[in-house]
Amino acid sequence: MILAEGLRCVFGAREREALSMLRAGESRTAIMERTGTVVALDDVGLRVDEGELLVVMGLSGSGKSTLLRCLNRLVTPSSGSIRVAGQDVMAMGSRELRRFRRRTFGMVFQHFALLAHRTVLQNVEFGLEIQGVARRERRRAAEQALDLVGLAGWEDKRPGQLSGGMKQRAGLARALAADASILLMDEAFGALDPLIRHDMQAELVALQRRLRKTIVFVSHDLDEAVALGGRIALMMDGAIVQDGTAESILAAPATPYVKRFVAHIDVSSVLRVATLADRSATPPRGSWPVLQGDMTLREALPLLAEGPDGLAVQDEAGRTIGVLSRRAALAALARQPLKEEPAWPSLSPASRSPSYATASSIG
Amino acid sequence: MGGLTGALQAAPPLLLIAVAAVLAWRAAGWRLGLLTACGLLFLWDLGLWTPMLATLVLVVLSTLAAVLVGLPLGIAAALSRRVWRLTSPCLDLMQTMPSFVYLIPAIPFFGLGAVSACFATVVFAAPPTVRLTALGILQVPHDVTEAADAFGCTAWQKLVKVQLPNALPTIMAGINQTIMLALSMVVIAAMIGAGGLGREVWTAIQRLETGRGCQAGIAIAVLAVILDRVTNAMARRMQAA
Ligand SMILES: Nc1ncnc2c1ncn2[C@@H]1O[C@H](COP(=O)(O)OP(=O)(O)OP(=O)(O)O)[C@@H](O)[C@H]1O
Ligand SMILES: [Mg+2]
């Protein structure tokens with residue numbers, strides 16, 4: 001588990017002064033003007049449970065990479081506390097920190113950071129080599145990791161001979177081969193083409209399910225965050241402005257910035273059938289397909305297209321919890337509130353499910 | 001030093017030329033093998049084979065010593081700001097001082113002869129190796145050293161596995177410069193009795209023998225070209241590998 005509290009991080013010569021201005025509540029721009037110091041993180045708190053995937057999102061320069069670097073102390077924050085797996089990372093000496101990084105963290109870098117003088121295989125072996133793993137064993141692990149990212153057959157090439165996307169996959173393989181319990185991934189799929197990107201996202205999700213890795217994934221692509229399916233922490237100007245599932249952020253954006261951020265998201269892959277279901281309606285009679293509550297709207301659409309209007313929705317236990325109508329689905333897709341329908345008198349205002357309220361606040 | 005020169009002088013020149021050409025070919029390609037063979041044959045033909053060997057030994061040993069001292073110093077300067085601040089002005093001084101000056105303190109210690117010449121040459125020629133080693137290490141991309149840290153490298157692992165291999169082309173350029181500077185000290189070193197091609201030039205000056213002076217001068221230039229091209233090509237190959 002990762003637990004960070006009150007992280008502040010400033011870059012520049014006049015760190016002290018900037019920090020005290022920050023505590024006094026001065027703005028980032030004022031501090032920049034007065035001291036020439038960049039405030040990269042301002043009182044950031046973060047909690048990632050074991051086996052959880054957290055996506056850190058935000059515009060360029062919002063401090064995502066810095067936050068990630070603080071977690072394994074590649075950057076030491078100016079103040080705040082970081083606990084990882086119960087250990088106080090801020091209190092570690094350099095020796096302890098080294099051991100901790102070897103065991104605990106695998107990292108994928110935004111700009112790949114491969115070693116140009118080594119072959120792809122030797123690059124992927126790097127983490128294990130540092131840990132002192134025997135040659136044969138680390139070779140096996142490296143080949144496995146390369147296989148996983150689809151780079152089998154490229155072992156003996158140099159990074160300079162790879163395309164951007166291939167370098168990125170090599171960097172990913174290097175982090176996977178090190179077999180650490182926490183993966184820190186900085187825009188790890190940024191240089192991939194959409195097809196491979198999609199495959200890698202699915203691969204990462206599967207991997208995370210299988211190996212129960214804790215993953216902190218930095219991205220500025222909201223659809224990627226949704227595809228990865230984890231919790232999302234949205235950053236702006238060095239602070240986390242909202243933190244939650246894609247659906248909860250979409251339902252209630254905390255600030256206009258967040259609202260703009262999610263404006264172009266593909267709602268069909270975010271909204272769940274359970275939230276859209278009308279809980280007061282009665283399901284159609286007959287042997288029609290049944291929707292699962294945790295399906296996304298996108299998954300439900302083909303089923304909705306067939307059969308009668310309105311399909312039963314079940315929860316995990318198989319109990320029927322409501323009905324999803326085509327009208328409700330379309331309204332959600334159009335990001336419109338579902339208007340009252342006079343011809344449907346059973347739908348009184350009091351019985352409107354909370355999902356309509358969420359859908360109406362998407363705007 | 002004398003022993004090494006003696007041994008080389010005892011060997012048949014043609015055999016040595018063949019060996020040198022093959023070495024250059026293996027290390028730097030057939031063109032440079034050919035260049036080496038032609039250059040050395042030319043020197044042999046000029047009758048400057050024996051002084052050339054003395055000069056070569058002086059240059060090679062001085063370079064070795066300069067690298068042995070310069071490389072660790074360069075590494076230390078790159079890793080510690082304080083060492084860098086301390087060495088940087090020293091290097092400036094060493095390079096801007098007239099090189100004759102180094103001969104003076106050497107003589108009381110080592111007497112007249114090749115050893116003093118070697119010492120003075122090392123002092124004069126070492127700075128580029130120190131400087132470019134430090135520069136090469138400082139220029140290793142930040143994200144690469146950061147990756148090394150992220151995977152938990154010790155300072156030594158980072159140096160050996162990441163920084164030095166990355167800096168190698170720059171370091172080789174520094175060593176190349178050191179060789180050239182060492183060669184340029186040859187004539188000056190002859191003033192204190194180092195022998196070799198430098199002495200040929202020196203005698204020619206004293207006797208105003210233009211032809212002999214030119215021959216010796218050209219011989220130094222030929223040696224310089226061979227050493228420069230071969231080490232450069234080796235550096236380029238290392239970078240590509
Ligand atoms: N080593 C550094 N020295 C000085 N300033 C830095 C350093 N690293 C980051 N910064 C500053 O901190 C701020 C946040 O940078 P960071 O790299 O964390 O942004 P980011 O959210 O990762 O952006 P991007 O999406 O472009 O990667 C930026 O304003 C940047 O200028
Ligand atoms: Mg970044």
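Is A:Asp43 buried, partly exposed or exposed? A:Asp43 is partly exposed, with a relative accessible area of 45%, where buried means under 20%, exposed over 50% and partly exposed in between, with a 1.4 Å probe and protein chains only. This is a predicted model, in which local features need pLDDT of at least 70 and side-chain atom pairs count only at pLDDT 80 or more, while totals for chains, interfaces and linings use all residues. Residues are numbered from 1 along each chain as its sequence is written, chains are lettered from A and ligands numbered from 1 in the order in which they are written, and side-chain values use heavy atoms, with hydrogens and water left out.

A:Asp43 belongs to strand S2 (residues 38-48) of chain A, strands being DSSP runs of E with at least two residues and helices runs of H or I with at least four, numbered from the N terminus. Its phi is near 55 degrees, a positive value in a residue other than glycine. Most residues other than glycine have a negative phi. A:Asp237, which is not a glycine either, has a positive phi of about 45 degrees; A:Asp237 sits in the loop between strand S9 (231-236) and strand S10 (239-244) of chain A and is partly exposed, at a relative accessible area of 41%.

A:Ser65 is buried, at 18% relative accessible area, whereas A:Gln110 is partly exposed, at 29%.

Turning to the chain contacts, 17 residues of chain B touch 23 residues of chain A, contact meaning heavy atoms within 4.5 Å. In chain B, B:Glu146, B:Phe151 and B:Lys161 lose the most area to chain A, together 38% of what that side buries, buried area being the accessible area (1.4 Å probe) that two parts lose on being put together, summed over both. B:Glu146 also forms a salt bridge with A:Arg69, the closest N and O atoms being 2.6 Å apart; a salt bridge is a side-chain nitrogen of Lys or Arg within 4 Å of a carboxyl oxygen of Asp or Glu. On the side of chain B that touches chain A, H8(B) gives the most, with 7 residues.
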